[in-house]
Amino acid sequence: MISVEIPTILRTYTGGERTVAAQGPDLAAVVTSLDAAYPGIGDRLLEGQVLRRFVNVYLNDEDVRFLDGINTAVTDGDTVTILPAVAGGAHTARVR
Amino acid sequence: MTRYDSLLASVGHTPLVGLPTLSPSQDVRLWAKLEDRNPTGSIKDRPALRMIEAAERDGVLKPGDTILEPTSGNTGISLAMAAKLKGYRLICVMPENTSAERTQLLKMWGAEVRYSPAAGGSNEAVRVAKEIAVANPDWVMLYQYGNTANSDAHYDGTGPELLADLPSITHFVAGLGTTGTLMGAGRFLRENVEGIQIVAAEPRYGELVYGLRNLDEGFVPELYDESVLTTRYSVGPAQAVRRTRELLEQEGIFAGISTGAILHAALGMADKAIKAGESADVAFVVCDGGWKYLSTGAYEGTLEEAEAALDGQLWA
């Protein structure tokens with residue numbers, strides 16, 4: 001099981017839950033399983049097959065854009081954190 | 001040389017010290033660049049002075065002018081010192097949820113402070129400063145997020161100093177705010193050290209700071225170039241405080257909380273080197289000392305209490 005931390009702005013989809021469970025084996029599958037459980041949330045995270053410009057996703061605190069992006073492999077026990085970009089933590093989108 | 005013609009001339013040239021206790025092995029070593037040894041006690045003295053001198057050289061800044069800058073604190077304090085010595089008026093736009101010491105220091109060096117709402121953090125300070133700039137076209141906004149003099153200070157200073165002191169450097173780890181340190185020193189090191197890893201540690205704040213952010217909006221510093229970085233860590237207050245305390249207890253270094261976040265990423269890279277059976281010399285930045293953060297509660301009580309105290313504060 002993968003633990004996913006949801007930012008405030010997206011908790012309307014998760015019924016207010018801060019942390020939800022999802023399935024691998026990669027980040028794309030995590031988003032797919034999230035969207036199955038919480039319809040609509042996937043579209044807020046992805047634009048086509050890439051992360052939206054101002055959405056940052058971290059696997060065990062490391063930015064997935066520097067790993068394999070949406071194709072980054074995840075294993076049981078991992079924590080995925082989703083955050084909006086802010087100054088002092090902002091990010092440009094990388095097209096993959 | 002340790003003699004300088006003035007305080008401004010003494011910016012930079014900071015010591016690099018080894019961490020014999022926190023380093024995981026003889027072959028994987030950590031090195032701390034003590035930027036708290038700058039004139040106002042933070043790394044921001046480097047870009048602040050460089051931005052002012054670049055603006056003077058370009059004729060943008062003239063005697064008696066007013067400087068306006070969005071800052072969560074340290075850059076403002078550095079600018080305030082330099083502005084005082086050079087005869088400029090300084091107005092800082094700062095989020096209202098930064099530590100009390102920052103306001104006290106800014107006023108001590110003669111700066112005026114205007115507050116931006118806590119929600120939105122530094123993004124909001126940037127937005128408010130841009131509004132004020134439009135209404136006051138004769139004021140000079142140096143704008144650290146997009147001013148190449150910011151990263152140039154690290155390209156010409158921080159980077160070469162690191163290489164001179166640690167020719168065997170394999171990793172450079174610093175905080176990601178304006179991105180100036182990582183862009184400047186990172187570029188220099190990439191050009192001069194084959195295979196070097198440039199690692200960003202960005203602070204992850206509590207709910208208040210992110211709570212109202214819209215995912216369709218965002219702010220990316222104009223200086224930021226993702227291709228300079230090898231990887232990027234997001235570090236929350238719990239780990240930042242834990243590492244800040246380890247640095248104090250095991251190495252005797254009294255650093256600010258953002259340094260704890262940077263140390264966390266540095267230890268993460270050191271751990272990867274150990275697992276890969278590689279040797280490493282990991283240099284990281286001590287951005288400032290802990291003095292300005294005593295009132296945040298980060299240094300007292302249990303880690304849980306400190307983490308709770310930091311919730312809602314801009315601690316980096």
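Reader: Which residues does B:F172 touch, not counting residues up to four places away in sequence?

Author: Residues are numbered from 1 along each chain as its sequence is written, with chains lettered from A and ligands numbered from 1 in the order in which they are written. Two residues are in contact if their C-beta atoms, placed from the backbone, lie within 7 Å. Leaving out residues up to four places away in sequence, the partners of B:F172 are B:L162, B:A185, B:G186, B:L189, B:I196, B:I198, B:V199 and B:A283.

Reader: Is B:F172 buried or exposed?

Author: A residue is buried if 20 or more other C-beta atoms (placed from the backbone) lie within 10 Å of its own, exposed if 12 or fewer, and partly exposed in between. Because B:F172 has 33 C-beta neighbours inside 10 Å, it counts as buried.

Reader: Why do the buried residues of helix 10 of chain B line one face?

Author: Helices (H or I, at least four residues) are DSSP runs, numbered from the N terminus. In helix 10 of chain B, residues 303–310, the buried ones are B:A306, B:E307 and B:L310. Seen down the helix axis, they line one face because the directions from the axis to their C-beta atoms fall within an arc of 100°.

Reader: Where does pLDDT stay under 50 in chain A?

Author: Chain A averages a pLDDT of 86. Where pLDDT is low, the predicted coordinates should not be read in detail. In chain A, the stretch under 50 is residues 87–96.

Note on methods. Predicted model: local features only at pLDDT ≥ 70, side-chain atom pairs only at ≥ 80, totals over all residues. pLDDT = per-residue confidence, 0-100. Helix = DSSP H or I, 4+ residues; strand = E, 2+ residues; numbered from the N terminus.
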